[in-house]
Amino acid sequence: MPFPPAIARALAQAGLPEEERLRLAGLHFQDAGHGYDAFGMHPDFVALGSLIAGPLYDHYFRVQSTGHEHIPQHGPAILVANHSGNIPIDGMMIWLDVLRHTNPPRVARAVADHFVPSLPFIGTLFARNGMVGGSRGNARALLESGELLMIFPEGTPGIVKPWSERYKLRPFRVGFVEMAIRHSAPVVPCAVVGAEEQMPQLTTSHRLGKPFGIPEVPIPAVPIPLPVRYHLHWGPPIPLDRETTPDQADDSAIVHQAAARIQDAVQGLVDKGLKQRRGIFK
Amino acid sequence: MKRPVNVMVTGADAPVGERLVRDLLDDSRVDQVLAVPWKEAGHLPKDDRLTVIPVDLSSSRRVHELLFGKARDLDIDIIAHTQLHRTARDESAQVHRYNVEAVRSLLSLSERHPSVRRLVMRSDAAVYQIQRDLPVLIAEHHPLNMTGSAPQWIRDRVEADVTACTRMGMTPLQIVVLRTAEVLAPGTGSQLYDYLESAICLRPAGFDPMLNLLTIQDCAAAIQKAVHNDAQGVFNIPGVDTLPLTAAIRAWGRIGIPFASSLLSPLYHLRSRITGGDFRYGMNRRRFHYSGVLDGTRAREVLSYVPCHPIEWPTD
């Protein structure tokens, strides 16, 4: 990072209310020796991230969160959401929602596409706030140590959906289901409503993303995200941990069935959220 | 109760080998220690239980004479092979013989040796591939760096490691390969140590990967635990210190300056030409971008190895 944790801590101390600072001091965190965990997360940067994302969450996107009582307060779990909006603000809003609605606070460890760690500055900033690269080994290590994973199983095709296909989920990848079954982790579905309209897309470019290994770079119609209202709808956990045994992670049929079921659960929450909302900005 | 063992230590003139010899002499479970430095005894202590024989292990004839000479006379049970060429800028057939052919000779001779039953080989975390789509936590089954364009320093380490691994379970000889994290100390061949020798450390802008570093004490302790264990296989040996590159630069009291990655290789090449430094940016490019931390779970569970000596950072 361009600045050490002490500066992040000083900024967080200056900007966050004392009550929130004290709460974040109890963050669920496994120190690997120098204040960082093995993946590079640091509590002071999490506090700074909370300070920066807070005004976006509270005032710009005016996030309304329902069903957050379903977020597990301890133990391994996989949070699964739809992905949209051309830039991953949905991930940031879920990250803060989880941080605020867990006690002691937990960090949703975003499992990002392979290209994210190779993005200068962004990759490091995200890692300090808990992101890990999307490899099986990273996910396994985090689940084994009882962490919360945040996964967008649509991947990049989900976030770069054209306007005409908003809120129609792309097919879910199935690796996360295999992980959930193998590590006896419940899956908690989450619908993000609002993000699809934040940056209407003109087109996408393969060429622009090539230097960073990004499959597609969206070209939005607006320079900054619109102040749409975000609605996060959490659903009850899908207890794969109780319904399956770890050895069934190798059964392709079971894995695909479970993935389809989880996709249906997220789509159902999205559809319900769309019916409930009164407008893009309301 | 087990009878005391007799141990031969190669690379005894290097810091890790020397420390291991001292630790073994303090160990009541060890009777005789045969220290094999490359050329000179160095700073090895005087002890009745210690025999020092300088041998150039790059010659298979010398290895044969050593194993079927003094090692047989001393009834050596276990070989702790810690020898690795330390200078990355040296590239030659002689260096290859020193790094790889020595392992091959030790393996084939130990397999038919009358007393040697176990070979503990120190390998290096540099054998692992580090890239953006691979796990940060490196387990023993992590892909190895088989890149053809890798420098000899890495290719030799990978070849020596794989040479030992391919013999596991093929003969009664017990083979253990310890892939140790980088030992941040002078004289160990540490690339990072040489990098941190500069008052100003240039690093790729926008990246701050996690590193894991080991001390000489913990490295020697891990080898000692492997000497006394009956388990075979490959084990990662991490150190206490897991931290980002920028934190290591700060803790070493240096100034880190972010720089365009594409310019770092020629700049450090120039530095090497001018100052004679050993750090090669090209060799470290990947790990200066992407995190790679050894997962020591297997060593903890099987060898009871837990690192306990943190690095003494100059700014502490």
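Let's start with A:Glu197: is it buried or exposed, and what is its relative accessible area?

A: A:Glu197 is buried, with a relative accessible area of 3%. Buried here means under 20% relative accessible area, with exposed over 50% and partly exposed in between (1.4 Å probe, protein chains only).

A bit of housekeeping before going on. This is a predicted model, so local features need pLDDT of at least 70 and side-chain atom pairs count only at pLDDT 80 or more, while totals for chains, interfaces and linings use all residues. Residues are numbered from 1 along each chain as its sequence is written, chains are lettered from A and ligands numbered from 1 in the order in which they are written, and side-chain values use heavy atoms, leaving out hydrogens and water.

Back to the glutamate. A:Glu197 pairs with A:Arg277 in a salt bridge, 2.6 Å from N to O (the rule asks for a side-chain nitrogen of Lys or Arg within 4 Å of a carboxyl oxygen of Asp or Glu). The two partners come from distant parts of the chain, 80 residues apart: A:Glu197 sits in the loop between strand 6 (187-193) and strand 7 (201-205) of chain A, and A:Arg277 in the segment after helix 10 (252-276). Those element numbers count DSSP runs from the N terminus, helices being H or I with at least four residues and strands E with at least two. A:Arg277 is buried as well, at 15% relative accessible area.

Elsewhere in chain A, A:Arg136, A:Glu178, A:Arg182 and A:Asp250 are linked in a network of them.

Chain B has its own examples. B:Asp124 and B:Arg157 meet in a salt bridge at 3.5 Å, N to O. B:Asp124 lies in strand 5 of chain B and B:Arg157 in helix 4 (residues 152-167), so the pair ties together parts 33 residues apart in sequence. Both B:Asp124 and B:Arg157 are buried. Helix 4 also carries B:Asp161, 18 residues from B:Arg179 in strand 7 (residues 174-180), and these two form a salt bridge whose closest N and O atoms are 2.7 Å apart. B:Arg179 is buried at 4% relative accessible area, and B:Asp161 is buried at 0%.

What about the boundary between the chains? The rule finds 1 salt bridge across the interface of chain A and chain B, formed by B:Asp208 and A:Arg128 with the closest N and O atoms 3.0 Å apart. On chain A, helix 5 (122-128) and helix 6 (136-144) each supply at least two residues of the side that touches chain B, and helix 6 gives the most, with 4 residues. By class, that side has 15 nonpolar, 9 polar and 3 charged residues. Here Ala, Val, Leu, Ile, Met, Phe, Trp, Tyr, Cys and Pro count as nonpolar, Asp, Glu, Lys and Arg as charged, and the others, Gly among them, as polar.

From the chain B side, B:Val136 is a handy landmark, in the loop between strand 5 (118-124) and strand 6 (137-138). B:Val136 is buried, at 11% relative accessible area. Leaving aside neighbours within four places in sequence, its contacts (heavy atoms within 4.5 Å) include A:Ala38, A:Phe39 and A:Asn138.

Finally, confidence: the model scores ipTM 0.91 and pTM 0.92.
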